[in-house]
Structure formats: C-alpha cells, structure tokens
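The structure is shown first.

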Amino acid sequence: MRKGYVRLYRKSIDSGLIRNHNAWILFTYCLLKATHKKYKAVVGKQEVVLLPGQFIFGRRVAAEETGLSEQQTRTALETLKTLQILTIKSTNKFSIITVINWDSYQAQEVENNQQSNQGLTSTQPHTRTETHKKKTPSDFFELKKRYPDPSLIDKCFSAIASTRKSGKVADSVLLTQLQKWEKYPPEQVEAGIRTYLDRDYARQGRGESYLLGIIRNQKGTGHSQQQQPEPPRPKIYSANDPESLKELYSNG
C-alpha cells in the first residue's frame with residue numbers, strides 16, 4: 001500500500017488549487033493514500049472492497065498525518081468536494097473517499113518491454129520507444145473543458161463503467177469518446193448524455209456506442225437549420241368586399 005509512487009502533473013498549478021494550501025495538502029494526501037488496484041480492507045469486523053482511487057478515511061487520522069487541524073481538514077475536504085475532485089461516502093463506522101478521475105490522474109504510460117529490448121543494439125534509434133506513448137491526461141482534460149457541466153461527463157463515464165463486469169473502463173476508451181464527441185456541439189452532447197442517464201440505458205448494458213448513437217440523433221440541439229421563407233399565400237377576394245372586387249377587376 002505504501003510502496004510505489006503517484007503521478008503529480010505540472011498542470012495542477014494552472015488549476016489554482018495549489019494556492020489553497022490546506023486543500024492542496026489534503027489533495028496530495030488523498031492521492032498518496034488511495035489504492036491503485038482493487039483491494040480488500042478490514043474495518044472492525046467488516047470487510048470493505050476498495051476500488052482504484054479509494055481509501056478508508058478518518059478525519060482525526062488525516063489531521064495527524066497531514067499536520068492540519070480537524071477543522072482545517074473538514075474545510076479542505078468540503079473544498080475538494082465542491083471542486084468535484086473527490087467524493088466521500090460515510091457510514092456510522094467509517095468513510096470512503098473516492099478520487100474522481102483517478103485513472104486520468106494516474107494513467108499508466110506504456111512501459112518499454114525490457115525482454116524484447118534486451119536484444120537491441122546500442123545503435124537502435126531512440127525514436128522507437130516514442131511510438132508507444134499513450135496520450136497524456138492533459139489531452140483528456142482539454143477535451144473535457146468544452147462542456148459547461150463537467151460533473152455530467154463524470155456521471156456519464158461512471159455509467160459507462162457500470163456496463164463492464166469489472167466496473168471499470170480504461171481511460172483510453174474515455175479519451176476516445178471525448179474525441180468522437182468533438183464532432184458535435186457541446187449542448188448536443190450533453191443533451192444526449194442526459195437522455196442516456198435519465199433512461200438508465202447503462203443498466204440495460206448499453207455502453208458508449210449506444211450513447212454515441214443517441215448524441216448523433218439529437219434534434220434541435222445541434223447546428224440550427226436555416227428556416228425557409230413561407231410561400232406567399234393567395235389573396236382571397238370576397239363579393240361582400242367592394243374594395244377587393246375593385247382590385248380584382250383592375251388587375252384583370
């Protein structure tokens with residue numbers, strides 16, 4: 001649990017979170033405490049299954065380990081919840097913190113295959129390894145920025161993950177979806193996602209391909225269609241209207 005490392009991206013500076021020192025301390029603390037793989041923890045006499053990005057949280061313990069007071073820890077926690085960086089689920093015995101978009105923060109780079117590289121000579125071009133790099137999480141966040149309601153995107157990704165037996169979906173799959181959604185206006189994508197969530201299609205096992213079809217078929221939320229002018233209506237002449245009859249005969 002305490003072995004290894006976590007990734008901390010320089011782009012975190014741009015978010016402004018680092019200026020809130022207490023929230024930044026608690027955020028990095030959560031990254032360090034979260035499990036990187038499915039893990040069974042025992043709390044009292046109860047076994048709790050933790051997924052990647054989760055850990056058992058106690059405010060008193062967190063205060064002791066970070067040097068913050070319990071009040072500062074509570075305030076920092078509320079800040080991170082408001083910023084949709086993490087969620088916390090509490091019971092009468094313990095709380096579980098989930099770091100939102102854990103897979104995006106901690107996306108694994110494709111590592112060099114050491115076994116296959118053992119036979120390479122020193123003259124092997126260094127550019128060979130560059131072709132194996134995955135897209136970085138910065139691509140993910142840049143694509144996500146175009147949507148006014150980022151929490152809706154998070155709910156959508158959670159729904160897609162629920163269609164898998166493992167309950168997880170690779171971040172590369174999510175990145176691909178964001179790239180496909182770029183073809184459509186943000187409001188059209190969000191309208192499609194709301195339909196997908198409201199009708200609970202994920203529970204039926206319908207994943208990202210079905211969602212893409214919903215987005216594609218959204219009406220009235222995409223590019224506006226230019227309205228054609230109405231054709232002129234024929235004028236009706238009435239025998240009870242002398243002026244209209246006069247106009248009729250004068251035109252003849």
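Glu208 is buried, with a relative accessible area of 15%. Its salt-bridge partner is Arg164, with the closest N and O atoms 2.9 Å apart. The model is predicted, and the count of salt bridges in this structure comes to 8.

**Salt bridges**

- Arg164 counts as partly exposed, at 26% relative accessibility.
- Glu190 and Arg194 form another salt bridge, with their closest N and O atoms 3.9 Å apart.
- These two residues, Glu190 and Arg194, are separated by about one helical turn because they are 4 residues apart in helix α9 (residues 186-198).
- Glu190 is buried at a relative accessible area of 6%, whereas Arg194 is partly exposed at 37%.
- Asp200 and Arg203 meet through their side chains in a salt bridge of 2.7 Å, N to O.
- Asp200 is partly exposed at 34% relative accessible area, and Arg203 is exposed at 71%.

**Helix α7**

- Helix α7 (residues 150-162) has 13 residues and should span 18 Å at 1.5 Å a residue; its end C-alpha atoms are 19 Å apart, which agrees.
- Buried residues of α7 include Leu152, Ile153, Phe157 and Ile160.

**Cysteines**

- The structure holds 0 disulfides.
- Cys30 is buried, at 1% relative accessible area, and Cys156 is buried at 0%.

Methods:
Residues numbered from 1 in each chain as written. Predicted model: local features only at pLDDT ≥ 70, side-chain atom pairs only at ≥ 80, totals over all residues. Heavy atoms only, no water. Disulfide = S-S within 2.5 Å. Buried < 20%, exposed > 50% of the residue type's maximum accessible area, 1.4 Å probe, protein only. Expected span 1.5 Å × (residues − 1). Salt bridge = Lys/Arg side-chain N within 4 Å of Asp/Glu carboxyl O.
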